[in-house]
Amino acid sequence: MRSDLNVSERISALGDEISEQFSDLDPQDPAHWPPIPRYTMLVLVSFLVMGLCWYLWVSDSYGELSSLNEQEVQLRISFSNKLAKTTYLNAFKHQRDQVRLQVAELERQLPEKSVTNEMLTEVNRLALLRKLQFEFLRPAPTVVNPYYAEMPVKFSLVGGYHDVAAFAGDIAHIRRVLHLQDLSISSRPDGLLTVDGTLRGYRQLDRAESLRQSATKGSEK
């Protein structure tokens with residue numbers, strides 16, 4: 001390039017030289033291209049390779065980031081659920097303790113096997129106080145459950161309407177756990193009522209019965 005040219009002429013000459021180097025390029029033989037096109041192609045290819053590598057790396061990282069975000073959401077939900085459960089834990093423990101106390105109180109009300117006759121004597125006494133007459137008071141076979149035994153007693157009772165109702169109230173308020181079930185009421189010509197039904201009492205298991213129940217539960221497992 002001539003040194004006696006001014007700046008604009010030099011720029012124009014440089015542009016012409018660059019344009020001349022980019023003309024008539026053989027795409028099948030880039031190794032013999034002039035320096036400027038060859039270096040320009042090298043830079044473009046380098047940027048293209050780096051861009052492709054960056055895209056692949058970012059894609060893998062984005063997939064991993066998405067997976068981690070999903071795990072974070074699941075962990076937040078799980079934490080919220082567990083936190084809600086712990087919030088009510090004390091209330092659940094209090095309810096459990098109340099239930100245990102109620103069960104223990106009911107168990108204390110269950111008589112032992114040796115006081116079954118006393119229970120029948122108490123029932124007969126209450127009937128006499130209400131001027132009622134048992135036609136029969138017949139114990140049925142004991143039903144043994146896992147934690148207690150049922151003592152059904154078949155009975156037939158004769159008395160007035162109000163006396164029978166008062167007797168039922170006495171049975172409901174007796175300390176021992178007793179239930180009147182399967183009641184059948186019929187009237188008599190003399191104006192009294194005949195009440196047939198089952199008086200069901202409950203008692204604790206004796207040692208032999210407890211051992212049998214434990215053995216039964218063990219065999220079921």
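Student: How many bridges pair strand β4 with β5, and in which sense do the two run?
Tutor: Bear in mind that this is a predicted model. Strand β4 covers residues 178–187, and β5 covers residues 193–203. The two pair over eight bridges, and the sense is antiparallel.

Student: Is threonine 198 buried or exposed?
Tutor: Threonine 198 has its place in strand β5. Buried means under 20% relative accessible area, and the value for threonine 198 is 2%. Threonine 198 is therefore buried.

Student: Which side chain does the side chain of threonine 198 join in a polar contact?
Tutor: Leaving aside neighbours within four places in sequence, the contacts of threonine 198 include Pro152, Val153, Lys154 and Phe155. Others among them are His179, Leu180, Gln181 and Asp182. The polar contact between side chains has a length of 3.1 Å, and the partner of threonine 198 is lysine 154.

Student: Which residue stands opposite threonine 198, and what is its relative accessible area?
Tutor: The residue opposite threonine 198 is glutamine 181, which lies in strand β4. Buried is under 20% and exposed is over 50%, so glutamine 181 counts as partly exposed, with a relative accessible area of 25%.

Student: With which side chain does glutamine 181 make a polar contact of 2.6 Å?
Tutor: Not counting residues up to four places away in sequence, glutamine 181 touches Gly197, Thr198, Arg200 and Tyr202. One of these is 19 residues away in sequence, with a C-alpha to C-alpha separation of 7.2 Å. The side chain in the 2.6 Å polar contact is that of arginine 200.

Student: In the hairpin of β4 and β5, which residue takes a positive phi?
Tutor: There are five residues between the two strands of this hairpin. The residue in question has a phi near 90°, and it is glycine 191.

Student: The backbone nitrogen of which residue lies 3.1 Å from a polar atom of the side chain of aspartate 190?
Tutor: Aspartate 190 has its place in the loop between β4 and β5, and at 48% relative accessibility it counts as partly exposed. Its C-alpha atom is 10.0 Å from that of glycine 160, 30 residues apart along the chain. The backbone nitrogen at 3.1 Å belongs to leucine 192.

Student: At roughly what angle do the axes of helices α4 and α5 cross?
Tutor: Two packed helices are described by the angle and the distance between their axes. Here the axes of α4 (residues 116–129) and α5 (residues 161–173) come within 9 Å. The contact is made by Val123, Leu126 and Ala127 of α4 with Phe167, Asp170 and Ile171 of α5, a set of five nonpolar, no polar and one charged. The crossing is right-handed, and its angle is roughly 145°.

Methods
Residues are numbered from 1 along each chain as its sequence is written. This is a predicted model: local features need pLDDT of at least 70, side-chain atom pairs count only at pLDDT 80 or more; totals for chains, interfaces and linings use all residues. Side-chain values use heavy atoms; hydrogens and water are left out. Buried means under 20% relative accessible area, exposed over 50%, partly exposed in between (1.4 Å probe, protein chains only). Helices (H or I, at least four residues) and strands (E, at least two) are DSSP runs, numbered from the N terminus. Two strands pair if DSSP finds at least two bridges between them. A polar contact is a pair of N or O atoms within 3.5 Å; within protein, one must be able to donate a hydrogen and the other to accept it, and residues adjacent in sequence count only if both atoms are side-chain atoms. Contact means heavy atoms within 4.5 Å. Axes are lines fitted to C-alpha atoms, for helices over the stretch in contact, and angles run from 0 to 180 degrees between N-to-C directions. A crossing is left-handed if the near helix is turned anticlockwise from the far one by less than a right angle, and right-handed if clockwise. Ala, Val, Leu, Ile, Met, Phe, Trp, Tyr, Cys and Pro count as nonpolar, Asp, Glu, Lys and Arg as charged, and the others, Gly among them, as polar.
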